[in-house]
Amino acid sequence: MDDPASTNAKNDIDMQPGHIRKVDCVIIGAGAAGLQCAVNLLDYEKNISVVILEARDRVGGRILTTDEIALTVCSDSNLKNEVLFHRDHGAAWVHGAHKINPMMQLLAEIESESDRGLLPMLDPVFNGNMWTRPHTILHGNDKRRGQNSLISFFVDGVLVPDSDTAESDDEIEQERCIIRDDIEQEPLVASSSSLSSSISRAIRRHYQVLRAMMLKYDNGEYNDNDNVDQLYHQLNSTLADGAHDPTERGEDKKRLVDLLAPFYLFLMENWNGISMNDTNVEQIVECLVPMHKHHDDDGKVKIVDGYAEANVEENKGNIDQIKMPETDEQYVGAGDFIGPHCKVKTGMITVLKPLIRRIEHHQQDEDQEIICLREKVVSIIDKANHVRIEIASGKVVEANCCVNTIPLGCLQNLIANKTFFQPRLRDEKIEAINSFWSGSYKKIFLTFDHIFWPKETPVIGLIRSKPERQPGGSASSKSCTFPGRHLVLFNLWARENIPSIEAILCGDLGKWAFEKSDDIIKQAVIEFIEDSMGICNLSTSCTGCHVTRWEEDEFTRGSYSSFRLNTVESHVDVAGSTEWDGRLVFAGEATDSEHMGSVHAALMSGKRAAREVIDLSNAT
């Protein structure tokens, strides 16, 4: 059988124009949610017949892995070798390699755990969530053991050191006093940095600002329309005099801390997938509430939070059975799972292969494909006792129910089309769907003829104090500079001597890049790298550029979903609720409030949708 990642479903005789194909359930979309829902229904003992309609010519939705050929470069040799590597254009991370993560459950069908307790196909880049917990993940390594930070900072052409070169005995003692006094308030030390380094002070400042913000919010000084970005920068300016951290000495150090601290907010923006200008304070509280732990009489740690509650069934209610990995001791649930955040060595499409193979296993009649590609749905019509699906090709499917996994951005466009859903959805449903942000997240893959950046750190943080390039800049006379002072680079290939790097344009940067040409985006990113790293004429060294465009894609209209100002939890419940007496079911990552915006959310929503279809089938 062909590689399931490139499944090429045939146009079967029962799917010709003018003929009506009848099934128990029709699923719209062959992404993670649709495939998981189909498998659960096909595995059900009562033989529920299923067809999946997919508008694209491939399965996977916003999971897209391509095989790339690259030339390796070595500084001590002129030899260049061709190597194959896998590039994920969409979803790219296993956010928490714990066994309750449904992604891990699928990968476990392919490969067994190694002696280390981790699937060999996974590359554990971070021990936890580096976007929301940089103090323990990016800077949590032990400097005493020679372990450095997992991020390299460049500010206005200068590499920021992990440690300050000179510390007096008085300064060290003063810092220790601060830590003893305030250890319960915020993470004051980056373990891989010296106590007085600008990085450690920036982390302290960042958490001081966040906690001050939350305190004012709890006291009713802010309302739901106040955005995080504005409030953060107001408080950061207030603290900029160093009064709350006596280790901030010297104007140059203060200025550096002022620039570094907001970068950690920028990481949170990358996690949420939406500008902090469009995010209210309540949405960052989950990144601040620490894991609640207490010890029993035997000294064993008991964990009492949402993670434990989620595992109560698995552990038969015995909370002592839940273990905290040493690498993630300060885990805080933020839509992820406990454990390492990993890349899949063979690409994210690997996660879906077990589902595709199980669907192929259920394929009995070659003339009635379960997965039908290149079939764009143009209307979903309720017929009182069944649902009619009309396709652009003129084909028709009728089913007892329909599971809709259309991505949020497309769904927002479709509900404005009064002929797509007939009858129209409930007003509260439409309001809920429109309350979310459908995501602006672009990946810019740049390849160069040499590696000019640190090879070992998986993240590079770039900061430039002046957003606009000054006249006489090296790149071009017509600069297309994007907004903001921060840029994140993922550096996941240089350690293999592959001169490729991935820049992330998210939030305001993603909005800026919308519908701009590849050349303009490429030039803006290169200019930012030049300004922040102090390098000239990089354009002549750039040998390749690829820009992902999920926002412009007609079949996604966005990268991944997130809350914005005025979005509330109840909107998610309504968005995921059924219509037409249960005959129209909604699934997809946007319908899971706890894990919105992730592959595991899509998989869990697919399972939930299957249960709703089975309940409807049993009732009728």
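Modeller: Let's start with helix 12, whose buried residues are Ile521, Gln523, Ala524, Val525, Ile526, Glu527, Phe528, Ile529, Glu530, Ser532 and Met533. Keep in mind that this is a predicted model.

Colleague: What span should helix 12 have, and how far apart are its end C-alpha atoms?

Modeller: Helix 12 covers residues 518–533, which is 16 residues. At 1.5 Å a residue the helix should span 22 Å, and its end C-alpha atoms are 22 Å apart, so the two agree.

Colleague: Switching to charges. How many salt bridges are there?

Modeller: The count comes to 24 salt bridges. One of them pairs Lys442 with Glu551, with the closest N and O atoms 3.1 Å apart.

Colleague: Where do Lys442 and Glu551 lie?

Modeller: Lys442 is in strand 17 (residues 441–448), while Glu551 is in the loop between strand 21 (542–547) and helix 13. The pair therefore ties together parts that are 109 residues apart in sequence.

Colleague: Are Lys442 and Glu551 buried or exposed?

Modeller: Both Lys442 and Glu551 are buried.

Colleague: Which residue forms a salt bridge with Lys442 at 3.0 Å?

Modeller: That is Glu552, and the 3.0 Å is between the closest N and O atoms. The pair links distant parts of the chain, 110 residues apart: Glu552 sits in the loop between strand 21 and helix 13, and Lys442 in strand 17. Glu552 and Lys442 are both buried.

Colleague: What about Arg583 and Asp581?

Modeller: Their side chains meet in a salt bridge, 3.8 Å from N to O. Arg583 counts as buried because its relative accessibility is 10%, under the 20% cut-off. Asp581 is exposed, with a relative accessible area of 67%.

Colleague: Now the surface. Which residues form the negative patch?

Modeller: Asp224, Glu282, Glu569, Asp573 and Glu594 form a negative surface patch.

Colleague: Where does Glu569 lie, and why is Glu569 classed as partly exposed?

Modeller: Glu569 is in helix 13, which covers residues 569–575. Glu569 is partly exposed because its relative accessible area is 43%, and that class falls between 20% and 50%.

Conventions. Residues numbered from 1 in each chain as written. Predicted model: local features only at pLDDT ≥ 70, side-chain atom pairs only at ≥ 80, totals over all residues. Heavy atoms only, no water. Patch = residues over 30% accessible without salt bridge, like charges linked within 9 Å, V, L, I, M, F, W, Y side chains within 5 Å. Areas by Shrake-Rupley, 256 points an atom, 1.4 Å probe, with all protein chains shown as cover. Salt bridge = Lys/Arg side-chain N within 4 Å of Asp/Glu carboxyl O. Lys, Arg positive; Asp, Glu negative; His and termini not counted. Charge placed at Lys NZ, Arg CZ, Asp CG, Glu CD. Helix = DSSP H or I, 4+ residues; strand = E, 2+ residues; numbered from the N terminus. Buried < 20%, exposed > 50% of the residue type's maximum accessible area, 1.4 Å probe, protein only. Expected span 1.5 Å × (residues − 1).
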